[in-house]
Structures are given as C-alpha cells and as structure tokens.
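Subject: A structure for you to explore

Hi there,

Here is the structure I promised to pass on to you. Please open it and turn it around for a while before you read my notes.

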Amino acid sequence: MVRIGVEERRARLGRRHRLGTGCQAADPVEAAASMVALHATDPATVHLSVAARVPGSDVAGTERALYDDRSLIRMLGMRRTVFVVPTPFAPVVQAACTDDIAVKQRRLLVKHLTEAGVAEDAEACGQWLAAVEESTATALALRGSATAQELSADEPRLRTRLSMAVGKTYAAQPYVTSRVLFQLSAEGRIVRGRPLGTWLSGQHQWSPSVDWLPGGLGDRPVADEARVTLARAWLSSFGPGTAADLQWWAGWTAGQTKKALAAVEAVAVDLDGQVGYVLPGDEAPEVPVEPWVAFLPGLDPTPMGWKERDWFLGPHKSKVFDNTGNIGPTIWADGRIIGGWGQPESGEVRYQLLEDVGSDTTALVDSEAARWTTWLAGVRVTPRFRSPLEKQLSQG
C-alpha cells in the first residue's frame, strides 16, 4: 500500500479545507461544498466557518445564500446533527442519513408519547402523532412561514406535555412542539428559515419544504446510491481516513460503511500502521501550500471530520474539547492545532498558544487575531459547547 504520512495529511487539509494561503473559497457555497457540510448545531459556527475560508465574507453574504438565494440549506444530517449544505446536495444527505434518523426518531417519540399516557397504547399514540403532524403541516402551509409558538396556537395538541426521566433529579415535562417539528423536518417536509433574532439565534421560522425549494426534498436518490455519493464526497474532502472515521462522521453502521467504500472503489493506503482510504487516483502527494494560520470556531467541520484525531490534535484534547466530544474554538498552523481562542465581555479576540511555534508563526497568529477582532466588531460569540481553554480566555 502507498503510505500517506501525517505531513501529507496536513497539507491536504490546508488545501482541501480552504484554509491554506491561496487556497480559500470564493463564496459561502464553495466553502460549504469543500467541507461537504458546515456544522450548524451552533448557529454562529456557520458564519465563522465561512469567514475562515472566504476572504472578505460577512454575515450578510452568508445569510443571503441561506435565505434569499437559498443556495445553502439548513437541515438535519449526519449523526442527527444540524448542518448547512449546498442545496443541490441536500437530497443526498436526506437519503443517505436523515431518512434513517427519521424512522428511529418516530419510534422513540411514539414510545415517549405512550409513556406520557397521551393515548391508550403505542398504536393509538402513533395515530395521534400522525394526526398532529398533518394538522401542523396544514397550519404551516396556510401561514407560509411560522414560529413554533405560532404553530402551537394553531394546533393546541402541540402543547401536550411529555414525561421525561420520571423520578430523576433532572425529570422534565417538555411540550411535544419541538419534537413534532423535529420529526417533520427529519422527514424533509419542513425546513428552517430565517432566525428569529440575530445570526447568533438558534430559533428559526419554519416553512414547508415545497414552498422553500422547488420540489422540496422529495426527489432524492435511493439510500444505497446516496451513501455512495456521500462517501465519495467525504473522501474527496477528508481522505485519507479510516473506515471508523467515515462510519463515525456519517453515523452509519459498519455494514453501510463497508458497502459504500467498496462501491466507490476506495483505495487502501497506509496511515502509519493503520489502513486508510482515498478515492481512486488520489494517492499522489498534494501540491504544497504556503505556511498558514487559521482561527476556527467551535464545532468547525475540519476537526469534526474524523473520529481519530491525533495526527492534527496532538496532546491538546483536554484543553480544546469538552467532556462530551465537542470541540471549542481552535487555532491551526499548517494543518495542526496549536492553540485556542475566546472573547471576554469586551469583545476582542484573545488567544493562547499551547506549544512553541516560533516567531514567524506567532506573528501570523497575532495578525489573524486582530483580523477576527475587526470582523466580529464587538459581537461576542459564546460557543454552545465550551472548551476549558475557551472558558479561560473568555473570563475578565
């Protein structure tokens, strides 16, 4: 097998993830396509991930792509996570990942409805859920777009309460509203539109997918074909990677992963003792990139692209990841993590390097920190999932 070492993997990351000098994307759509998808669990991540890859980009440009041009779409995807993807690619993600998620989540929701005593048994609860979904979808179609609160006024059954973690200290009785809307979105029937506040807001207007996009998400490939297409896209952006990396990233079973890799005729390579995979013809070294530095936000798709991260993370996991596996804001140099950043209440970007990188790289880090301070213009971004280093830098 051809050996692809750490330095080569880092060179590929700089070029293919649009982070290296002279390798950046032309617009938000190209930035998203280069990563297959942008993480959107934290709404700020989308804008910051684009700004890290598109020179001169701003919030307005990304919002225009999302809500005016609709060349990007926010949707549920891999690992039951919300992503922003180029709109033509959305049916692939839906068929490759989201349809399976929708089936599992419906089963779970019916279970919770049964436990809450909404109807006499699971079959009746399933019928109740289907009726509420249809009524909610009709109400949304009549409005054109609506908030969860507006829809619950139209369909009072959305205010039915579930009983979660009964007997535990963290027991709760949430409304079923968000779960029903989640289910409708997982099935591709409704989509998240504009936020209800600033670009930092996690609450959105909802719209019928057929109103938001021509044809909605109904015309999609069969699942096996979609998984092959998604695997090919991942290998193009993140290869080489192991089968475990792809399985984790996509949220697939081992069997689905193995079948997709075989279908794309993935080529096995040696990753310093591990078997990794690349697309056919992609074994040759990447064109070298000039030295580069990048500030990436929490949950950026680059560090969240592989399950096994030692080759770019080094010994810094405890500083930049939280306890549940979510990464905070990081500083990168030439394909590896060298530090982290955060913002105190005053809004400027503070950073801390976790290793000695020399004066030239430190100067690039200083310049990039100043650029981000200017770009954020006093807006303070607090990541939804906070790493120890980000918390430290945000104090004071």
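Below is what was found, starting with the whole chain and then moving to its parts.

**The whole chain**

Please keep in mind that this is a predicted model. The protein has 16 helices and 11 strands. Its radius of gyration is 22 Å, close to the 21 Å that the globule rule gives for 396 residues, so the protein is as compact as a globular protein of that length. Along the principal axes, the C-alpha atoms fill a box of roughly 65 × 50 × 45 Å. Of the 396 residues, 53% are buried. If you take the contacts between residues at least 6 apart in sequence, 63% of them join residues at least 24 apart.

Have a look at helix α1, which covers residues 6-16. Eight of its 11 residues are buried, so α1 is largely enclosed by the rest of the structure. The buried ones are Glu8, Arg9, Arg10, Ala11, Arg12, Leu13, Gly14 and Arg16. Just after α1 comes Arg18, with a positive phi of about 60°.

Next, find the open sheet of three strands, whose order is β1-β3-β2 and whose pairing is antiparallel. Which strands stand at the edges? They are β1 (38-39) and β2, and each has a single partner strand, so one side of each is left without a neighbour in the sheet.

As a reminder, strands of a sheet pair through backbone hydrogen bonds, either parallel or antiparallel. Here, two bridges join β1 to β3, and His39 stands opposite Phe83 in β3. Five bridges join β2 to β3 (residues 82-86), and these two strands run antiparallel. Five residues lie between the strands in the hairpin of β2 and β3, where Arg79 takes a positive phi near 60°.

Now zoom in on β2, residues 72-76. In a regular strand the side chains alternate between the two faces of the sheet. You can follow this in β2: Leu72, Arg74 and Leu76 point one way, while Ile73 and Met75 point the other way. Are these residues buried or exposed? All of them are buried, and β2 is described as mostly covered, with five of its five residues buried.

**The largest pocket**

The largest pocket has a volume of about 620 Å³. It is lined by 22 residues, and Ser178, Arg192, Gly202, Gln203 and Trp206 lie nearest its centre. The elements that give two or more residues to this lining are β2, α7 (148-154), α8 (177-186) and β5. Which element gives the largest share? That is α8, with four residues. By type, the lining of the largest pocket divides into nine nonpolar, eight polar and five charged residues.

**Ser207 in β5**

While you are looking at β5 (residues 204-208), stop at Ser207, which has its place there. Its relative accessibility is 6%, so Ser207 counts as buried; the cut-off for buried is under 20%. Leaving out residues up to four places away in sequence, Ser207 touches Leu140, Gly144, Ser145, Arg189, Ile190, Val191 and Trp212.

**The cavities**

How many cavities of 30 Å³ or more does the structure hold? There are four cavities of that kind, and the largest cavity has a volume of about 80 Å³. Residues lining the largest cavity include Asp42, Thr45, Leu48, Trp341, Gly342 and Glu390. Both α3 (43-53) and β10 (336-342) supply at least two residues of this lining. The lining of the largest cavity divides into six nonpolar, four polar and two charged residues.

Finally, look for Asp366 in helix α15, residues 358-376. Its relative accessibility is 40%, so Asp366 counts as partly exposed. Asp366 and Lys391 are 25 residues apart along the chain, and their C-alpha atoms are separated by 20 Å.

Best wishes

How values were computed
Residues numbered from 1 in each chain as written. Predicted model: local features only at pLDDT ≥ 70, side-chain atom pairs only at ≥ 80, totals over all residues. Heavy atoms only, no water. Buried < 20%, exposed > 50% of the residue type's maximum accessible area, 1.4 Å probe, protein only. Pairing = 2+ DSSP bridges. Contact = heavy atoms within 4.5 Å. 1 Å grid on protein atoms, 1.4 Å probe; cavity = no way out; pocket = protein on both sides within 12 Å on 5 of 7 lines; lining within 4 Å. Points joined across faces, edges and corners; volume = space filled by probe spheres on them. Nonpolar A, V, L, I, M, F, W, Y, C, P; charged D, E, K, R; others polar. Rg over C-alpha atoms; globule rule 2.2 N^0.38 Å.
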